[in-house]
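I opened this notebook to record a set of look-ups in one structure. The entries follow in the order in which I made them.

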Amino acid sequence: MALDRRTAVAALLRDRGGLLVVSGLGSPTYDVHAAGDSDANFYLWGAMGSAALIGLGLAQARPDRNVLAITGDGEQLMGLGGLATIGVARPRNLSIVVVDNGHFGETGMQRSHTGCGLDLAAVASACGFAETGVAADMAAVDALRGTLHRPAEGPRLFVLKVEAENPPRSLPPRDAVFLKNRFRAHLGLPVT
Amino acid sequence: MPAAADAKTDLAQPWASDVHRVLKSAGVTHMSYVPDAGHASLIDLFAADPDVVSNVLTSEQEGIAIAAGAWLGGKRSVLLLQSSGVGNCINMLSLMTIARFPLLMLVTMRGEWAEFNPWQVPMGRATEPALDAIGVRTFRTDTAEDLVEVAGSAAALAYEADQQIALLISQRMLGKKIW
């Protein structure tokens with residue numbers, strides 16, 4: 001029995017403190033929004049393959065803050081080379097959580113590479129990530145929540161094995177300039 | 001790598017230290033790159049700069065996303081690539097134009113001047129129209145003096161006016177690759 005994605009993401013973001021979150025397009029963006037909107041969320045509606053790398057740029061810009069990129073298996077598969085770049089860059093404050101349903105859920109539930117057996121945690125490990133893992137039950141998700149707030153030796157990637165289903169969409173604003181400026185204002189940065 | 005790359009061009013890159021200085025004074029603290037012989041000196045200067053965070057990429061589009069993340073965190077990131085890599089960036093550039101993220105790309109041109117490798121020609125031809133089509137403004141430089149001046153102006157336009165800018169460094173200026 002795999003995880004319910006909304007329950008798992010909400011549990012991961014409970015008492016999130018100063019965590020800065022980037023969400024990948026499609027269901028992960030809806031999951032993060034459904035867990036509670038925050039000025040410290042940057043939701044993606046496009047730019048497939050970018051979530052973890054936006055996380056890297058942000059983590060390198062703000063080494064004093066923990067950064068979490070929450071994305072889907074399809075989105076991370078498109079950015080597979082980015083795992084090599086992140087492994088080499090070795091940020092200590094970046095975690096990637098892949099909400100893995102083994103399918104391209106937004107486009108008709110076609111089976112993805114992870115659904116065909118590809119192991120993203122193993123890929124991240126091969127790319128030099130400091131910690132990787134797979135969570136398939138809520139006890140593991142609760143443990144992972146604590147891990148996200150603890151210091152790391154390098155980048156971390158965790159896979160949440162979730163049911164292949166599309167819960168009702170929870171839609172954040174689509175205005176990218178608004179989302180960018182809201183995020184920067186949250187960090188006390190000037191907005192233009 | 002950079003030393004070997006230098007050996008493959010018949011021109012040194014004396015402009016690199018000026019461009020490095022101009023970008024630093026524009027507040028650039030982050031740099032990412034896919035190597036190009038034409039950028040070898042500039043990559044070396046940034047990589048040796050203790051105040052700059054450098055990232056080597058597997059594909060140029062990664063640097064677009066990194067620049068967006070850096071800006072979210074209050075930092076200015078520049079991307080160094082060659083014209084073939086522009087083709088790898090197109091959809092990722094939608095992130096920069098729709099969110100009005102500042103972007104400065106320094107693109108060394110291939111396939112347009114004394115080119116030996118025909119495989120470089122199609123993307124060389126497509127570079128400027130492709131950038132134009134996705135909404136990135138281009139400036140072309142043919143001399144080192146021009147490059148240094150345009151780099152400063154392009155950095156201001158990017159980081160102060162939230163524009164997406166590609167500075168195209170002509171192959172004529174960079175010199176012929178030796179085969």
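**Conventions.** I worked on a predicted model, in which local features need pLDDT of at least 70 and side-chain atom pairs count only at pLDDT 80 or more, while totals for chains, interfaces and linings use all residues. Residues are numbered from 1 along each chain as its sequence is written, and chains are lettered from A and ligands numbered from 1 in the order in which they are written.

**Entry 1, the sheet.** I looked up the strand order in chain B and found six strands in an open sheet, ordered 2-1-3-4-6-5, with parallel pairing. Strand 2 (53-56) and strand 5 (137-141) of chain B are the edge strands, each pairing on one side only. From one strand to the next the twist averages 20 degrees; axes are lines fitted to C-alpha atoms, for helices over the stretch in contact, and angles run from 0 to 180 degrees between N-to-C directions. Strands (E, at least two residues) and helices (H or I, at least four) are DSSP runs numbered from the N terminus, and two strands pair if DSSP finds at least two bridges between them.

**Entry 2, the pairings.** I noted four bridges between strand 1 (residues 28-33) and strand 2 of chain B, where B:Tyr33 has B:Val56 as its bridge partner. Strand 1 of chain B is also joined to strand 3 of chain B, by five bridges, and B:Met31 stands opposite B:Val78 there. Strand 3 pairs with strand 4 (residues 103-108) of chain B over five bridges; B:Leu81 stands opposite B:Val107.

Is B:Ala161 buried or exposed? B:Ala161 counts as exposed because it has 11 C-beta neighbours inside 10 Å. I located B:Ala161 in the loop between helix 8 (144-159) and strand 6 (164-169) of chain B.

I found 27 residues of chain A in contact (C-beta atoms, placed from the backbone, within 7 Å) with 28 residues of chain B. On the chain A side, helix 3 of chain A gives the largest share, eight residues. Eleven of the eleven residues of helix 3 of chain A are buried, among them A:Leu53 and A:Gln60.

Notes
Buried ≥ 20, exposed ≤ 12 C-beta atoms within 10 Å, placed from the backbone. Contact = placed C-beta atoms within 7 Å.
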